[in-house]
Amino acid sequence: MEPLLIPVQTVRTSGVGRSLAVMTSGGDAPGMNAALRAVVRTALSAGAQAFAIHEGYQGLIDGTDDDITPLTWESVSGILNRGGTAIGTFRSEAFRHRPGRLQAVANLVRRGINRLVVIGGDGSLKGLEELAQEWPGLLDELLDQGQIDSNQRQACDQLIYAGLVGSIDNDLWGTDQTIGADSALHRIQDAIDAITSTAASHQRTFVVEVMGRHCGYLALMSAISGGCDYVLIPERPPAAGWQQAMCEQLRRGREAGRKDSIVIVAEGATDQAGQPITAVAVRQAIEQGLDEDTRVTILGHVQRGGTPSAYDRWASTWLGYCAAAHVLTATGAEAAPVFGFQGYQVVKLPLSETITKTRQIPHLIEAGDYAAAIQLRGDEFAAALDFFDELSSPLAHVRELAPPPVLDNASVKVGPSRRRIGVLHSGGLAPGMNTAAKAVVRLGIARDFDMIGLEDGFPGLIDGRVRPLSWRDVDGWDQEGGATLGTRRYAPQIEDLYAIGRVVEETALDGLIIIGGWTAYQGAHLMLTESGRYPSLRLPVVCVPATIDNNLPATQMSIGADTALNVIVDVIDKIKMSATASARAFVAETMGRDCGYLALTGALAGGAEQVYLNETGLTLDQLRDDLAWANAAFAAGERDFFLFVRNENANANYTTDVLYHLLSEAGQGRYDARTMVIGHIQQGGSPTPADRILATELVEQALRTVADEWAQGRAGYYCVGVGSDRIQATELSQAWQQVDLNHQRPAQQWWLGLTELIATVGRTDH
Ligand code: ADP
């Protein structure tokens, strides 16, 4: 898929001389600033003018030169890492009424502006829809009143607009993610992880209330990523007597050895009679039902604040680019332009349908049609709700492992036994491997399989290091980085296959799930190609992508990459702070081997001026050009900081050290050169919510794929990943055809076109 909806060159050709205005409106959300910055810089780099409308629609109505101001490149400097919105937001009652909107149009048209980007929630988009619909009529009225002349009317005869959804609730139909939801999940997960440690020490139960008046997304996803026990959300109100059902589930969890219990309540949760279920009511129910010390934490506005996550920076930058590109190139008003994400691809959504469907959901809930409400929340939400129930299933808590199956002399199973699935890691460490292992064990047990851990990657498998895993064995793994089962960067060779086949046979495995990076795929592919010669290797095998490099085929994202990216962005933020005292040019080096994903998204999210990738290469001419640009910018006083992000394998000769020396020489005392090799901390740390959720979703698909193969009497090899249908399984043989073996990365990488964005939002010298 073409990643940039409109090519940069087209934007630059059409944008010259045009003007756009941008506003943030409604509730603020972390990442709005990234979108704002990208809108402004895309416009400026195209030779267009950009105006900020301060305080949302109210600023548009007030319309003074303080409310609508021209923006420069520097006006949006230094805001990428800040929560909230740099141009203010407001809830304007006046804009809900036609006279308010009339005034708003007058203020735009007098400035010759009819291109508008609105960043806000569904209320703000509704306002935009009304404005767009009424625009011609409002122009006529202004003309009649003599507030504008016919030339002004003609120059602005249509409103050309784009909407971006900023909302921490992730409540908009049609987009997988809204700006700010990922950051809110970070805040919630930090709180849950902190609570987990204290709850476990005292055998306490905690009730945590999270935001979401009509939408249970934050509650459900944080319950999954936090490994919680029970969740109450608006889309699935419980029937009368829910208190007993909840207490029963918590009690079984305790019996199975759970040291803490955490219940998540969305602020808008109700029962089926529409009565609110408050966190306090949940606490009372637990105290009465279980006689347990129970504490309530209401997270409130901390969920909205704080620095935006890496995702909310790079994805919002992309959205901002698309919005500005659209309004600068469109020749007429278009019916569709809300920009959102499906998977990791920007898509255009129809404005009216998006609002209508979003607003249907509370009505469906009120009418008791919960299934329809859940369906409108999207496939990811519906699937997550199902597997959260399994993950926290009290039946699975207490089930004992079945005795190993009895084998006859030919190692054929005799008599009934449960299906056994082996779980293995392979490759470098990726944060989220543990979450994936925990989720696959718990979901597998809930589905009545026996789950067998294979320790220390392929070398451990070859040596037969095998241990059954119970529900309790994996408790707490989800919050830990690392891989408790062990992982090795070793791909099996042909001569290893006999030993692997023997262990598979002796352990009586019916299926194998390999969670890892390149060597996982390479090893599985070798097993597949040689399975004709080794009958014991003819079993369903599924690879689950887990590598910080994000270099695997048939998936847009792998487990661990988001955590690594957040580490990189955190380091870059600190580098920037350290550089405030004196003029500096910094080179930050990221991992990724020959795959530039981390470097590029790190550069986008960190606000770098330039990025060097293996994929795009690095020449002496380019270096000379960049050094001249940096020197000129420092000399002109435009800059006191410059950031280059370099992938570790960008170029074998122009190393980070060489860049340092070149910059030191070029700086001539005007600025200092510094380097930062970010190194292995990128592989460590507690996995981010996105990585924990992705890990759970991918292993769930892996288990389903294995079970499908059994049902069909087949023994195929697959890999799971994020694709156009969100989570999907692809035959491994087909995926393997899509790789560039020399560089150990996919031949086509969806994100590579985003290098254009660096040139648009990072470069000042267009
Ligand atoms: P959010 O955009 O976060 O959903 P609100 O629902 O408060 O927040 O909407 C933000 C602003 O959008 C409102 O204060 C109002 O100015 C405008 N707005 C909302 N709904 C409408 C509407 N139906 N008609 C016109 N303007 C609206």
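Trainee: Is N434 buried or exposed?

Mentor: N434 counts as buried, because its relative accessibility is 0%. Buried means under 20% relative accessible area, exposed over 50%, and partly exposed in between, with a 1.4 Å probe and protein chains only. Keep in mind that this is a predicted model, where local features need pLDDT of at least 70, side-chain atom pairs count only at pLDDT 80 or more, and totals for chains, interfaces and linings use all residues. Residues are numbered from 1 along each chain as its sequence is written, and side-chain values use heavy atoms, with hydrogens and water left out.

Trainee: Okay, and which helix is N434 in?

Mentor: N434 lies in α16, residues 433–446. Helices here are DSSP runs of H or I with at least four residues, strands are E runs of at least two, and both are numbered from the N terminus.

Trainee: What does the side chain of N434 have a polar atom 2.9 Å from?

Mentor: The backbone nitrogen of T484.

Trainee: Switching topic: which residues touch the most other members of the largest nonpolar core?

Mentor: I264, W314, W318, Y597 and L754, out of 153 residues. Helix α11 (310–329) gives the most to this core, 13 residues. A core here is a set of buried Ala, Val, Leu, Ile, Met, Phe, Trp, Tyr and Cys residues joined through side-chain atoms within 4.5 Å.

Trainee: And what about the ligand, which residues come nearest?

Mentor: R91, S92, G121, G123 and S124, among 16 residues around the ligand, counting those with a heavy atom within 4 Å. A polar side-chain atom of S124 is 2.4 Å from a ligand oxygen, while a polar backbone atom of G27 is 3.1 Å from an oxygen of the ligand.

Trainee: Last one: where does D456 sit, and what's its phi?

Mentor: D456 is in the loop between β15 (450–454) and α17 (457–463). Its phi is near 60°, a positive value in a residue other than glycine. D456 counts as buried, since its relative accessibility is 17%.

Methods:
A polar contact is a pair of N or O atoms within 3.5 Å; within protein, one must be able to donate a hydrogen and the other to accept it, and residues adjacent in sequence count only if both atoms are side-chain atoms.
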